[in-house]
Amino acid sequence: MSDHDQGHHHGFLRTYVFSTDHKVIGVQYAVTALVFLFFGFCLMMMMRWQLAYPGHAIPVLGDLLPKLFGKDWGETNMAGGVMSPDLYNSFGAMHGTIMIFLGVVPLIVGGFGNYVMPLQIGAPDMSFPKLNMASYWVYFTGGVVMLASFFAPGGAASSGWTSYAPLSVTATQGQTWWLVGMVLLITSSLLGSVNFIVTILHLRAKGMTMFRLPFFVWAQFVTSFLLLLAFPPLEAAGVLQLMDRVAGTSFFMPQGLVVSGVVQDYAGGGSPLLWQHLFWFLAHPEVYVLILPAFGIITEIIANNTRKPLWGYRTMVYSVIFLGFTSFLVWAHHMFMTGMGTSISAFFATTTMIISIPSVILLTCLLITLYRGSIRFNTAMLFALSFLPMFAIGGLTGLPLGLPASDIALHDTYYVIGHFHYVVAPGTIFAAFAGVYFWFPKVTGRRMSEKLGKLHWFFSFIAINVVFMPMFFQGLAGVSRRLYDQTLYSWGDAMQGWTITSSWGAWALGAAQIFFIVNFFSSIKLGKRVTENPWDATTLEWSAPSPPPHGNFASVPTVHREPYEYSVPGMSTDFFPQNVSEA
Amino acid sequence: MSAGVLPYTVETHPVTGVYSGKLGTWLFLASEVMLFGGLFSAYVLLRVGAPEGTWPTREEAELSWKIGGFNTLTLIISSVTMVMAWASLKMHNFAKARIYLIITVLLALLFITLKLSLEYYPHWHEGLKPSTSVFFACYYTMTGLHALHILGGVVVMLYFIGPGASLWKTDPEHYTNRIECTGLYWHFVDLVWIFLFPVLYLMN
Amino acid sequence: MSGSHADMSKHVKMYLGVLSALFVCTILTVYASTVNMGHATNMTVALLIAAFKASLVAMIFMHLKWEGSKIIWITLALCALFFSLLLFLPMLTTTGLPASTVYSSWG
Amino acid sequence: MRILRGCAPAIVAFAMVWVAGAAPVLGQAAAPDVSDVHIDGQYGTFPTFMPTDVSKNGHDVDLLLSILHVFMIVLFVGWGIFFVWCLFKFRARSGHTADYKLVKAKAPKYLEVAVALFEAFLLIGMSMPVWARVKNKLPTEADNPVHIRVVAEQFAWNFHYPGKDGVFGKVAPEFVDPVSNPMGIDPSDPKGKDDFVSGELHVPVDRPVITSITSKDVIHSFSIPVMRVKQDAIPGMRIKIWFQPVQTGTYEVACAQLCGNNHYSMRALMKIESQSDYEAWVEEMAKGPAEFDEDDL
């Protein structure tokens, strides 16, 4: 990536593999994460076949996979080319885990955060470069452990990405691998978040006050605090579950469990709900870990492509801080159905309603930013703009789930799946695509093809709605999530047409990614060469060469103004970069 | 530019008032608080939820307050020697600091040895295993994780006694800062034990 | 906290003072646990002594007493808040339900 | 639009793939009914998609859901119109520049407050009372409720009825026999003599039903969509909820929480019967199953 590295006599390994340069690490994160995203999506595309045509052999793969992994594997998991319920469950669990912990978070925090954030604040690198490298390699190891778990006896973890005990405790060995993998991923996140916070606080260029930070940096800052304080309880929970599985303790196992008619030999005295508390204590803030950096990315792009300052920058900063804080207070709204009293459920419902307010504020600010702008519709902007309505749908459908009474009908149905996928897939992943199109010229010195990019956007946007919109209908109809075959139930049978629609949407979405993959790889070599600031942007990363050399800036930048000074009256250009002095 | 020229590795940042390493260490400790917080939360929830008479009494738990108390004192002393090592560096006395560090490591190893030989080993052989009861599950997990933290601290200190000590010659202030950060971590480990001791040994 | 040579000697004396205070507290907490003051009181006393000891360690050994860095205090305050939430909210979730909800065995 | 015209061939190609995809969709639409039992009610009907509601309390949940969705659609459409209008009106074109000055708009603030107030109303005015009534305020004995213990296991529902005496026998895990005594009813307890366990949920119409829900192994979730009832079945906890059927017929009970590989097939039938039919069924069931009662005598 950095062919400007001449003069540094490091070997190949030190330059590209065990590099401490934040840009190399950022690219490593992003590429690894994109591979994992694609892999996680492939798992889902296979599951969608079973959902659409239960009991029918999967075309091509139904033959291919048993040949690839051996006869034994084929007979237990894919007899006759049909996915077994066990395989379905483990694909489901691993789809969630991979998408969240190995795909999206490493992409938007590890990838974009690592690459863009130091450049945006005018820093030569992260505060702790070696720690940064360690963070990536721990993440990588965690990913390898997760992948290896597919080959554990009994297959990969199959208790859902939530791994509710006691199901997960009594599950096959894959679950142990999952726990080990999670502990590694959490450790990686912790190392990363410490580094991010210190870097943002300490390595800002001269003149870069906190309120001159690009919004993306603020989003990363708050996200890092979420990772720092919310992840450790899950690590604790992971250790406890590991003890339950390996040392025979019973943290999550109450007395008198009878599995298949056999009384289990446990000391007992544990609580299954303990796992859920520790898990959701992380996993709700985790939602904001997914969404805040996405907001950061699209804010950059929208400000750049409306050619005007952000409407309500400070309001947005306060909202994002408030969001981060409140996200620690809402976790038990995932547990309304576990037998909760009126007062405590009212407490969590109230905090949930409160947390919706700053989200609405963020959305409103971005919407009003469009007003009286001069909107350029490049690919990055198209993805960023689609984020807004998609996130709005995701956010609004959170309301009936956050109110305990309406949650009775919708809890654990496809409505939930539709809701959080609207937030994360056409939300965060679209923002990530927007970021790729936007910062690709910075990383490679070349532009991605706009034509292929627009095709990618168009088909992805249509397809992703075809995938997820029917899920709301199914949820309202009462179809439970995580069903291997929903046609056993009258409501599932009645909604099967929508399942098939959804599946075809998923495959179309997969097909649409071909545009991206072709575009991505061809543009690295063939894309149009660009100068340092192809988008006429104002933030500091665009004042560094494309790609930036080791150490980032030719001379240390000084910051003179707010981040989004576009269309300043009386200027010859419509952008006024942060580092350009008045004179 | 290489990592060496990053600002605020030694000097304090004008706004935050600390150098990067110290800020990083405190942030890390905050996450550690939440890690042990998760364990304490588990302990409290399980203990409060335990039906009458199922939580072991002090006699049933068979944890000797004598060994626990002695180990508490060991860790407290090691905390003092740790902070003395840093104070000696501040007074530019490297030799003394090194001796204090070595004593700290020895005390840490004493703690681990006692824990293994007088507690874990005999308990295990008496059949008091993590699977025996929720109390013992908590006991082994919490003290085990704490012991791992001690071992981690030992490794770091050994590094600064041995190969890491060369930094003192080139950049004494940086070395002193690193010892301060190690100290922060070490005191935190002590602090966790200060809670573990009454919670596990005395409160049954 | 960066002090002169004389400052440091003062500090060293303070460290030794804290050491003896911690010793005394450890003995006190062991003694207090042998006196039967009722289960709740015993627990409270033990935790109070532990909290006092912990604050000594944090304030003096970890130099929090002299720590002027706002960000560290903010982080610790957040930490303390979330820690207590994590400690107490899970216990409260079953309040308002009949006592028979949670049981230890099937009966 | 120019871009879209440029993409026309690709769009056509994509559409063809879709048409090819639609063929199996149409073929599959009439999926075979797996159970031979006729299930009453309407499912997945446009526009609400919600299943038939045969309970006394379901209406409250449905009303809340309807209000919420209208509210959501109004917000989204209003918001979307402004969004699309902005995109069109302020598109980059020659002669048009962005305005550096930020608008001073009060409207979003008022709208924000209005939304917050409406959310507060939904929460305090609707959700909380419904939750308190449906989930926590159980009917008293004066309401003449039916008591049923629901015990979930991988992958079946057990419905434990107290029999004619209306009192449940003692249960303990050590008495469990997967075939003869799935609930682990203590054979020496006289109150348990007329207890019986059914794999089908039978309830009388127009009487409140109090279910006490637990699980033997892992977490399940007791879900009856037509009754707007859902409650996790958690081992180590026995949670009571209630509902009141208002119409006879045969319906389905499902498990809503992933509980293992056959989670999808954890289905039971619920028969809502007239009082006399129900009593006859109880009479019949309380007699048998002879196997374990007599063996233990």
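User: How many residues of chain C are in contact with chain B, and how many of chain B with chain C?
Analyst: There are 38 residues of chain C in contact with 40 of chain B. Contact here means that the C-beta atoms of two residues, placed from the backbone, lie within 7 Å. This is a predicted model, where local features need pLDDT of at least 70 and side-chain atom pairs count only at pLDDT 80 or more, while totals for chains, interfaces and linings use all residues. Residues are numbered from 1 along each chain as its sequence is written, and chains are lettered from A and ligands numbered from 1 in the order in which they are written.

User: How is chain C divided into domains?
Analyst: Domain 1 covers 1-62 and domain 2 covers 68-93, with bounds that come from an automatic or database domain assignment. Their C-alpha centres lie 22 Å apart.

User: Okay, whole complex now. Which chains have the most contacts between them?
Analyst: Chains A and D, among the five pairs of chains that touch. In that pair, 95 residues of chain D are in contact with 97 of chain A. On the chain D side, α2 (8-28), α3 (58-89), α4 (107-136), β6, β7 and β9 each supply at least two residues. The most comes from α4(D), with 16 residues.

User: And what's the split into nonpolar, polar and charged there?
Analyst: For the side of chain D that touches chain A, it's 60 nonpolar, 20 polar and 15 charged.

User: How far apart are the closest C-alpha atoms of chains B and D?
Analyst: They lie 11 Å apart, and no contact joins those two chains.

User: What does A:Leu388 touch?
Analyst: Leaving out residues up to four places away in sequence, A:Leu388 touches A:Leu363, A:Leu366, A:Leu367 and D:Phe83.

User: Switching to the sheets in chain D. What's the strand order in the one with β1?
Analyst: That open sheet of five strands runs β3-β2-β1-β5-β8, with mixed pairing. Its edge strands are β3 (196-198) and β8 (239-243), each pairing on one side only. Two strands pair if DSSP finds at least two bridges between them.

User: How many bridges does β1(D) make to β5(D)?
Analyst: Seven, and β1(D) and β5 (residues 209-215) run parallel. On its other pairing, five bridges join β1(D) to β2 (residues 156-161), and those two run antiparallel. β1(D) and β2(D) form a hairpin with two residues between them.

User: Which residues stand opposite D:Arg149?
Analyst: D:Ser212 in β5(D), and D:His160 in β2(D).

User: How many residues of β1(D) are buried?
Analyst: Six of the eight residues in β1 (residues 146-153), so that strand is mostly covered.

User: What's the order in the sheet with β4(D)?
Analyst: β4-β10-β9-β6-β7, another open sheet of five strands with mixed pairing. At the edges are β4 (201-204) and β7 (229-233), each with a single partner strand, so one side of each has no neighbour in the sheet. The twist averages 25° from one strand to the next.

User: Which helix packs on that sheet?
Analyst: Helix α5 (residues 275-287) of chain D, which touches β4 and β10 (267-273); its direction makes about 135° with that of β4(D). Axes are lines fitted to C-alpha atoms, for helices over the stretch in contact, and angles run from 0 to 180 degrees between N-to-C directions.

Note on methods. Buried ≥ 20, exposed ≤ 12 C-beta atoms within 10 Å, placed from the backbone. Helix = DSSP H or I, 4+ residues; strand = E, 2+ residues; numbered from the N terminus. Nonpolar A, V, L, I, M, F, W, Y, C, P; charged D, E, K, R; others polar.
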